[in-house]
Structures are given as structure tokens and as C-alpha cells.
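Here is a friendly briefing to read with the model open beside you. Take a look at the structure first, then work through the points below.

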Amino acid sequence: VTGKMHANVMEDVLATAGLKYADLKGKSVLDAGCGTGEKSIYFALFGAKVRAFDLCKSSLEIAQKNAGKFGATVDFERADVLDYESEEMFDHVFCLGVLHHTENPRQGFERLALLVKPRGTITIGLYSAYGRLLHKFFRERIAREAGDDFEQRLEVAREKVYGREFRSAHEKAFAADKYANPHESLHTLEEVKGWMKKNGIVPLGVHPKAGRSDKLTQLGWMLGRKGFFVVSGRKQE
């Protein structure tokens, strides 16, 4: 069930760039902030030539094992999105759930935009300033009580939000990302489209799907507590 759910989410992500899995065959893909490699492996299994990087050494070790388990060929490396450089340019660049955990999300985006081939696409996923409004309140409350210590924040989140022990490593990792990560910024559609425009990229699609205007779309996310959004754009020639 989890695998099917992940596949459905990835279909929605690809659709923001006007892509289907079949469109990845033979294309060069960069997965920036790949974590434990699930997205990279999906891309590789559908025939893409994939390079992926992450700052976390332990995540990369798991990613290597996962790739071996599924027989996927992925070029993994350790790097920071804020200063990542490559002589290669890519048909498709993905950076999902990463930039909002950095000190300078816009700088990270501009780094990645340089690596997109003309007519290529870039897809980024960020926390929504609208959909994550209520969460922001809880996160700030935890920060006031626990300070800047990661482990203490996670423990306070366990006590105050969950009220029990974490049921799995996945749930603990989810809580850590949500409440304990030291860097978390929130963003708007207008802001991201501005980044794209300044870097020669034309916005293509949004997930969750957009309404008649960016403001109405984001109000819908707020009411539905949709805290994460994905935007894709195509680089001009």
C-alpha cells in the first residue's frame, strides 16, 4: 500500500512538469536532496540517467542499499544544495522537501536553476505559508519549551503532539522533520514564481492543483491544511 501511495504521489509531482514516467527514459535527472533515495530509484527504474546528492551520510548509505535492492543504477554523492556545482546540465531537476530546511532557500533554487538545460524542467517542493499556518503555531510552542536542541524538541513533540511513544522509525523521522529540524521556512506560490521568473524559468504546474488565482488556491490549502506544495517550470532557450 505504501509503495502504491508513493507511486501515486510521484505521478502527481511529475504531472506538474507535464511529465509521465515514460517521458523519463533516456533523460538526465538530478535529485537534489535525495534522502534515502526513493525518488531517485523510481526515476532510474523508468530509464532515466540519475544523479542524486544529499548532505546526510547515513541517508546516502541507506539510499545505496535501496538502489542495490531494486537493481537501480543511481550516481549518489554527498553535497550541500547551497553550494552544489556540476559540469553536467540536466533535462529534469527535482528538489522536493529540501530548500525549506536550508538557511537560504532562494540561493539553493538559483544554484539548481543553473543546472537545468534549455527547455528542461525544474520541480521543487516547499512548505506552504498558508497550509502550514496552524503547524507553525505548534512548532513555535515546542521551540519555546525545548530551545534549539534537536533531541529535546523531538521529545517535547512526542509528549505534546503524539502523547505516546513513536510507533515506528518512519513516524519518528516524520516528527523530527516536522517539529525538530532547526531550519524551517514557509513559502508562497507568488514567491516561488518570482524566483522562476528571475532565473528564466516559465511556471508550468502546481500540486495540489491551482484554482482561479494563487490567492484562492492557497486559501484552499489553508482550509484543507495542505502544508506542502510542488511547483514546476520550464527553462527558456
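A residue is called buried when its relative accessible area is under 20%, exposed when it is over 50%, and partly exposed in between (1.4 Å probe, protein chains only). Helices (H or I, at least four residues) and strands (E, at least two) are DSSP runs, numbered from the N terminus. This is a predicted model, in which local features need pLDDT of at least 70 and side-chain atom pairs count only at pLDDT 80 or more, while totals for chains, interfaces and linings use all residues. Residues are numbered from 1 along each chain as its sequence is written, and side-chain values use heavy atoms, with hydrogens and water left out.

**Helix α9**

- The exposed residues L216 and L223 sit on the face of α9 turned away from its buried side.
- In this helix, which covers residues 214-223, the buried residues are D214, T217, Q218 and W221.
- The buried residues of α9 pack against α8, β6 and β7, where contact means heavy atoms within 4.5 Å.
- T217 has a relative accessible area of 5%, and its contacts, leaving aside neighbours within four places in sequence, are L189, K209, A210 and G211.

- Buried in α6 are R153, L154, V156, A157, R158 and Y162, and their cover includes α5 (133-146) and α7 (169-180).
- In α7, the buried residues are E171, A175, A176, Y179 and A180.
- They share one side of α7, because their arc around the axis is only 140 degrees.
- A169 and H170 are exposed on the other side of α7, while the cover over its buried residues includes α5 and α6.

**The nonpolar cores**

- A nonpolar core is a set of buried Ala, Val, Leu, Ile, Met, Phe, Trp, Tyr and Cys residues joined through side-chain atoms within 4.5 Å.
- The largest one has 29 residues, and those with the most contacts inside it are L30, F53, F109, L112, I122, I124 and V192.
- Elements giving two or more residues to this core include β1 (28-32), β4 (90-96), α4 (105-113) and β5 (116-127).
- Another core, of 25 residues, lies apart from it, with A17, V29, I41 and V74 among its members.

**Aromatic rings**

- Rings of Phe, Tyr and Trp (its six-membered ring) pair if their centres lie within 6.5 Å; planes under 30 degrees apart count as stacked, over 60 as edge-to-face and the rest as tilted.
- By this rule there are 8 aromatic pairs.
- F53 and Y84 make a stacked pair, 4.0 Å centre to centre with 15 degrees between the planes.
- F53 lies in strand β2 (residues 49-54) and Y84 in the loop between β3 (74-78) and β4, so this pair ties together parts that are 31 residues apart in sequence.
- F53 is buried at 1% relative accessible area, and Y84 is buried at 5%.
- Y127 and F228 form an edge-to-face pair, 6.4 Å centre to centre with 75 degrees between the planes.
- This pair joins strand β5 to strand β7, with its two residues 101 apart.
- Y127 is buried at 6%, whereas F228 is partly exposed at 33%.
- The charged end of R132 sits over the ring of Y127, 3.4 Å from its centre; the rule asks that NZ of Lys or CZ of Arg be within 6 Å of the ring centre and within 35 degrees of the ring normal.

**Backbone points to check**

- Most residues other than glycine have a negative phi, and most peptide bonds are trans.
- R119, in strand β5, has a positive phi of about 75 degrees.
- R225 has a positive phi near 55 degrees and is found in the loop between α9 and β7.
- The peptide bond from H207 to P208 is cis, with omega near -5 degrees, and P208 is in the loop between β6 and α9.

Note on methods
The arc is that of the directions from the helix axis to the C-beta atoms.
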